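Here is a short briefing to read beside the sequence and the 3D view. Start with the view, then take the points by topic.

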Amino acid sequence: MPGIAEQNHAFKTEYMTPFVNSIRGLFEGSLGKKVTFGKLKINEDGTPPHEISGVISFTGTVMGRAVVSFPLDVSVSICKDYLQMDELPEGVVPDCMGEIANVIVGRAKSDFSGHEIIISPPTVIHGRDFKISPQRGAACVSIPCTCDYGEFQIDISMINNSASA
Amino acid sequence: MKIVTIDDSLTARLIVKRTFEAEGHTVLEAPDGAAGLAVVESQMPIDCVVLDWNMPIMNGLECLEAMRKNPKLKGVKVIMCTTEAEKARVKQAIMAGANGYVLKPVDQDALKAQVAKVCGAAV
């Protein structure tokens, strides 16, 4: 099977590094959970693999979107630790996953040196019966992640938009 | 103290509320800059506003600028609480009148220390 770099998709794999660093910082720094990253892969149809997905779009000198997707049980565990609460108020889990996505993408943004990027507030989607179209001209690249809570995934689709900025 | 948390994330507002209500302070909340501005104006005197940046309707920077232009609100202490970590963004907020800056994810002790420093009071 060809590597991502050999496949016919417009995507710079170095775009993933800020997101990996940001996830590591959040999980290992703030939540105290070691996280490991699987091999990059192309998400051909743009369907997130888990039930709760936080979607953030960005515009500027890079354009695209990031989708952070969590199983429900993992979401609940993360939310309890993030809020430091054993009993969660009703409705807070989706919001918390949106905030987690916001923190991951927002902190990754600062690692794109030389770029001016504006991020949208997060949108949270339940279920897996939807597709998120990749940024036009770019592949959707997935990083499977594993931590003590379980598995989750981040999908990134972005292009360099510097010429038109 | 009377503190207002302005953030579109319920989670972020909950963290601020729990942090300061546990210390006996009053925490009011609003989900966007426009609603936050209305809360601050109607609930004066306010000791401190903890303000997110990226929000719908009116973002945090616009909210901060509106407060600084309003003679009744221009003295309210404002701490930006955001994922915006670039130096240029921090500078932009300080130039617009922010008194402090805290990065998300929120470290509750760091937030308390920042509020204490900005407000000149024990938290």
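The second largest cavity is lined by A:F19, A:F58, A:V62, A:V105, A:K109, A:F112, A:I117, A:I119 and A:M158. This is a predicted model.

**Cavities**

- The second largest cavity holds about 40 Å³ of space.
- Its lining has 8 nonpolar residues, no polar ones and 1 charged residue.
- In chain A, α3 (92–109) and β5 (117–119) each give at least two residues to that lining.
- In total, the structure has 3 cavities of 30 Å³ or more.
- The largest cavity has about 60 Å³ of space.
- Residues A:G46, A:P48, A:R65, A:V67, A:I132, A:S133, A:P134, A:C140, A:D155 and A:S157 line the largest cavity.
- Strands β4 (62–70) and β8 (150–160) of chain A each contribute at least two residues to the lining of the largest cavity.
- That lining counts 5 nonpolar, 3 polar and 2 charged residues.

**Interface between chains A and B**

- Contacts link 21 residues of chain B with 23 residues of chain A.
- The two chains bury about 1800 Å² between them, and 54% of this lies on carbon and sulfur atoms.
- B:T11, B:T83 and B:P105 provide 30% of the area that chain B buries against chain A, more than any other three residues.

**Largest pocket**

- From chain A, its lining includes A:S30, A:L31, A:D81, A:Y82 and A:Q84.
- From chain B, the lining includes B:I15, B:P105, B:V106, B:D107, B:Q108 and B:D109.
- Helix α2 (72–83) of chain A and helix α5 (108–119) of chain B each supply at least two lining residues.
- By class, the pocket lining splits into 5 nonpolar, 3 polar and 3 charged residues.

**Backbone features**

- Most peptide bonds are trans, and most residues other than glycine have a negative phi.
- The bond from B:K104 to B:P105 is cis, with omega near 0°.
- B:P105 sits in the loop between β5 (100–103) and α5 of chain B. B:P105 also lines the largest pocket.
- B:P45 is in the loop between α2 (33–42) and β3 (48–51) of chain B.
- A:Q84 is not a glycine, yet its phi is positive, near 55°. A:Q84 lies in the loop between α2 and α3 of chain A. Its relative accessible area is 54%, so A:Q84 counts as exposed.
- B:I57 also has a positive phi, about 70°, and is not a glycine. B:I57 is in the loop between β3 and α3 (60–69) of chain B. B:I57 is exposed because its relative accessible area is 72%.

- Is A:T61 buried or exposed? A:T61 is buried, because its relative accessibility is 12% and the cut-off is under 20%.
- A:T61 falls in the loop between β3 (52–60) and β4 of chain A. Its side chain makes a polar contact with the side chain of A:H115, at 2.8 Å.
- A:D148 is in the loop between β7 (141–147) and β8 of chain A. With a relative accessible area of 60%, A:D148 is exposed.
- Leaving out residues up to four places away in sequence, A:D148 touches A:K33 and A:K34.
- A:D148 and A:Q135 are 13 residues apart in sequence, and their C-alpha atoms are 31 Å apart in space.

Definitions and conventions. Residues numbered from 1 in each chain as written. Chains lettered and ligands numbered in written order. Predicted model: local features only at pLDDT ≥ 70, side-chain atom pairs only at ≥ 80, totals over all residues. Heavy atoms only, no water. 1 Å grid on protein atoms, 1.4 Å probe; cavity = no way out; pocket = protein on both sides within 12 Å on 5 of 7 lines; lining within 4 Å. Points joined across faces, edges and corners; volume = space filled by probe spheres on them. Helix = DSSP H or I, 4+ residues; strand = E, 2+ residues; numbered from the N terminus. Nonpolar A, V, L, I, M, F, W, Y, C, P; charged D, E, K, R; others polar. Buried < 20%, exposed > 50% of the residue type's maximum accessible area, 1.4 Å probe, protein only. Polar contact = N/O pair within 3.5 Å; in protein donor to acceptor, adjacent residues only side chain to side chain. Contact = heavy atoms within 4.5 Å. Buried area = accessible area lost by both parts, 1.4 Å probe.
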